[in-house]
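Welcome! Please take a first look at the model below, and then we will walk through a few of its features together.

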Amino acid sequence: MQDFRLAELARMIEAWPGLVSSPAEDLVADSLVLLDHLGAARRLVDVGSGGGLPGLALKVARPDLAVTLVEADQDKAAFLVQAAAKLELEAEVVARRAEDAAHDERYRERFDVAVARALAPMRTLVELCLPFVKVGGRLLAQKTHDEEAGHAIEVLGGRLDSVIPAPSQARSRGVVVVVRKVAPTPVAYPRRPGVPSRRPL
């Protein structure tokens, strides 16, 4: 890893109990496959950030990005605050569930791009992520395969743009699912905490 901060991020993730089950260095490298898809984005939200992947890794690689990390687990959110401070990265940590944060006017439809890695099945993921994305922006979902989510994407104001092969050491069959935001998300979405996972669109 070229930037010493990427190696340090991997070391910090490995040292914090319960963050990852795979080698952190591979997961950091896997996060960086999104770099080719960010384009001219300036504001990025990482939904379900966990150990800061992909959000913190992308911030190291693209210092110009304004990064917001949404993570409901308080222990993981504490890690994100500590990691950002130690790596001297400016990143906002929102220790709230995505279902709540996405209804906050400070975050709703404010971002050029939302990213998510290992968050949820695609139908749930789009409900948790697309409300953060402004019209004209994109959702980049890191998955191991394409998943049918056409109805959910349409309901939430999105349109499937492409599914791009993006293999890495961590995921030999990885893909990036690109969803473009073409219309505002209806105010009813996302639904109450827990509902998107229990009753996917």
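The model is a predicted one, where local features need pLDDT of at least 70 and side-chain atom pairs count only at pLDDT 80 or more, while totals for chains, interfaces and linings use all residues. Residues are numbered from 1 along each chain as its sequence is written, and side-chain values use heavy atoms, with hydrogens and water left out.

**Around Val-67**
- Val-67 sits in strand β2; strands (E, at least two residues) and helices (H or I, at least four) are DSSP runs numbered from the N terminus.
- Val-67 counts as buried because its relative accessibility is 4%, and buried means under 20% relative accessible area, with exposed over 50% and partly exposed in between (1.4 Å probe, protein chains only).
- Between the C-alpha atoms of Val-67 and Ala-85, which are 18 residues apart along the chain, there are 14 Å.

**The nonpolar cores**
- A nonpolar core is a set of buried Ala, Val, Leu, Ile, Met, Phe, Trp, Tyr and Cys residues joined through side-chain atoms within 4.5 Å.
- The largest such core has 35 residues, and Leu-9, Leu-44, Leu-56, Phe-79 and Leu-140 have the most contacts inside it.
- Two or more residues of this core come from each of α1 (4–15), α2 (24–31), α3 (55–61), β2 (66–70), α4 (74–86), β4 (111–117) and β7 (175–181).
- Helix α1 gives the largest share of this core, five residues.
- Another core, of 30 residues, lies apart from the largest one, and its members include Ala-114, Val-133, Ala-152 and Tyr-189.

**Where α1 meets α2**
- The axes of α1 and α2 come within 8 Å and cross at roughly 130°; axes are lines fitted to C-alpha atoms, for helices over the stretch in contact, and angles run from 0 to 180 degrees between N-to-C directions.
- The two helices, α1 and α2, are therefore oblique to each other, since angles under 35 degrees count as roughly parallel, over 145 as roughly antiparallel, 65 to 115 as roughly perpendicular and the rest as oblique.
- Leu-6, Leu-9, Ala-10, Ile-13 and Glu-14 of α1 make the contact with Ala-24, Glu-25 and Val-28 of α2.

**Helix α6**
- Seven of the eight residues of α6 (residues 122–129) are buried, so this helix is mostly covered.
- The buried residues of α6 are Met-122, Thr-124, Leu-125, Val-126, Glu-127, Leu-128 and Cys-129.

Terms used
Contact = heavy atoms within 4.5 Å.
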